[in-house]
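Please keep the sequence and the model in view while reading the numbered points.

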Amino acid sequence: MKNERSLVYLLIKTCLVCVFVMVASSCSQKMESTSFTAMNTYMTVKSYGKDEKVLHAANYLVQQEVEWLESILSTTIEGSDIYKINNSDREEIPVSDETVFLVERGSEFYKKTDGAFNPALYPVIKEWGFTTGDYKVPSEEKIRQLLEYTDFSRVKITDKKILPEPLPAYYDIADPAPKVIITRPPGLQLDFGAIGKGYAGDKAIEILRKADVSSALLDFGGNIQVLGTKPDGSDWTVGIKNPWGGDPVAAVKLRDACMITSGGYERFFTGDDGKKYIHIFDSATGHPVENELESVTIICREGLYGDALSTSLFVMGLDKAIDFWKSRDRDFDFVIITKNRGIVYTATLEKNLSLLFDFNSVLVVK
Ligand code: AMP
Ligand code: MG
């Protein structure tokens, strides 16, 4: 009897010690939040760890990295890789490794999505006024002409230019790094707007991980990426935006994952014909996508993949998006919100998803 009592006493004591250790360790976690505007987006990085100085430095490095990526990927910053590709008469353009990486991954998605994802649509998107805000519906003739320049498979990574050794006296030191050369036919112009933020999120997570940050949440304007769990060990809970305004329509639990949304409500204009024209384009027609979808949210590990797919599945429409998910061995999850106030999501999400909206229909795909 006495032995039993001391065993119970020991158990209670052990439990109390455990609770104390858990509370103490989560209390000792510090949080550093940094916000900045880059890639036309208000971005916030929240990182958690033991040392405030480390968190501060890590967030600073994230901001530097995102700003660097913007400086090479922007379509409007003169001197960026993309600006040079789009505006130079030279056939061969030396670019940074990051641009090469995006061209390579872009080609992979261009093929896998049968051109639904196409980073070479810039001439068409520009003609509709999405780059300047000077919106208009171009003539069919003009659209057909511009579509001639949108074959992304014609972008080639040709050569690695290695520094001559020793450097000749006339070597241009303004251009000292070894570069990879990109060639493209005249008139072809690129825009990585559909994957830039997802890629930047991946680079940010890599920096935070290397800095031993244990938990972090990135909010890159609709692109959410999380590192680990919340400091207390529970999942992050992230909302899916209500396309019609108001509170989130669903909440999703995440750990070491990204949740990326493409929505027609993000950027659009209303034409003289009263029609709504959105910023996501169908490369087959050169027109803004017009289908039954309001938004597509992708949940997966890699931000770049999630960002490419949110745009691509939006272009595909509901049926093709479901087929595509099946063809990819279900290596991502999606939540699609339709114009008739329905929601369609993948069955593997079921335990992590809570509906917060009175949808007209709910379809779970398996
Ligand atoms: P997202 O908000 O990630 O869906 O990206 C939309 C942006 O990607 C647009 O503002 C365009 O710059 C670009 N874009 C539009 N349509 C496409 C497309 N079919 N494939 C690739 N990029 C596109
Ligand atoms: Mg995208």
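1. The charged end of Arg-341 sits over the ring of Trp-244, at 4.3 Å from the ring centre. A charge is said to sit over a ring if NZ of Lys or CZ of Arg is within 6 Å of the ring centre and within 35 degrees of the ring normal. Arg-330 likewise has its charged end over the ring of Trp-325, 4.6 Å from the centre.

2. A word on the basis of these values: this is a predicted model, in which local features need pLDDT of at least 70 and side-chain atom pairs count only at pLDDT 80 or more, while totals for chains, interfaces and linings use all residues. Residues are numbered from 1 along each chain as its sequence is written, chains are lettered from A and ligands numbered from 1 in the order in which they are written, and side-chain values use heavy atoms, leaving out hydrogens and water.

3. How many aromatic pairs does a search of the whole structure find? The search finds 17. Rings of Phe, Tyr and Trp (its six-membered ring) pair if their centres lie within 6.5 Å; planes under 30 degrees apart count as stacked, over 60 as edge-to-face and the rest as tilted. Phe-130 and Phe-281 form an edge-to-face pair, with 5.6 Å from centre to centre and 85° between the planes. Phe-130 lies in the loop between helix H5 (122-127) and helix H6 (140-147), and Phe-281 in strand E13 (residues 281-282), so this pair ties together parts that are 151 residues apart in sequence. Helices (H or I, at least four residues) and strands (E, at least two) are DSSP runs, numbered from the N terminus.

4. Phe-130 is buried, at 7% relative accessible area, and Phe-281 is buried too, at 4%. Buried means under 20% relative accessible area, exposed over 50% and partly exposed in between (1.4 Å probe, protein chains only). The rings of Phe-324 and Phe-332 have centres 6.3 Å apart and planes at 45°, so their pair is tilted. Phe-324 is buried at 9%, as is Phe-332 at 2%.

5. Ring pairs also link Trp-128, Phe-130, Tyr-135, Phe-269, Tyr-277 and Phe-281 into a cluster.

6. Which residues of H6 are buried? They are Ile-143, Leu-146 and Leu-147. These residues cover an arc of only 105° around the axis, and therefore lie on the same side of H6; the arc is that of the directions from the helix axis to the C-beta atoms. Their cover includes H5 and strand E14 (287-288).

7. Nine strands make up an open sheet of mixed pairing, in the order E1-E2-E6-E7-E10-E15-E16-E17-E19. Strand E1 (30-38) and strand E19 (361-365) stand at the edges with a single partner strand each, so one side of each has no neighbour in the sheet. Two strands pair if DSSP finds at least two bridges between them. Strand E15 (residues 293-300) and strand E16 (residues 333-338) run antiparallel and are joined by six bridges; Thr-297 stands opposite Val-335 in E16.

8. Leu-356 lies in the loop between strand E18 (353-355) and E19. Its C-alpha atom is separated by 9.5 Å from that of Ile-240, 116 residues apart along the chain. Neighbours within four places in sequence aside, Leu-356 is in contact (heavy atoms within 4.5 Å) with Pro-248, Val-249, Ala-250 and Ala-251.
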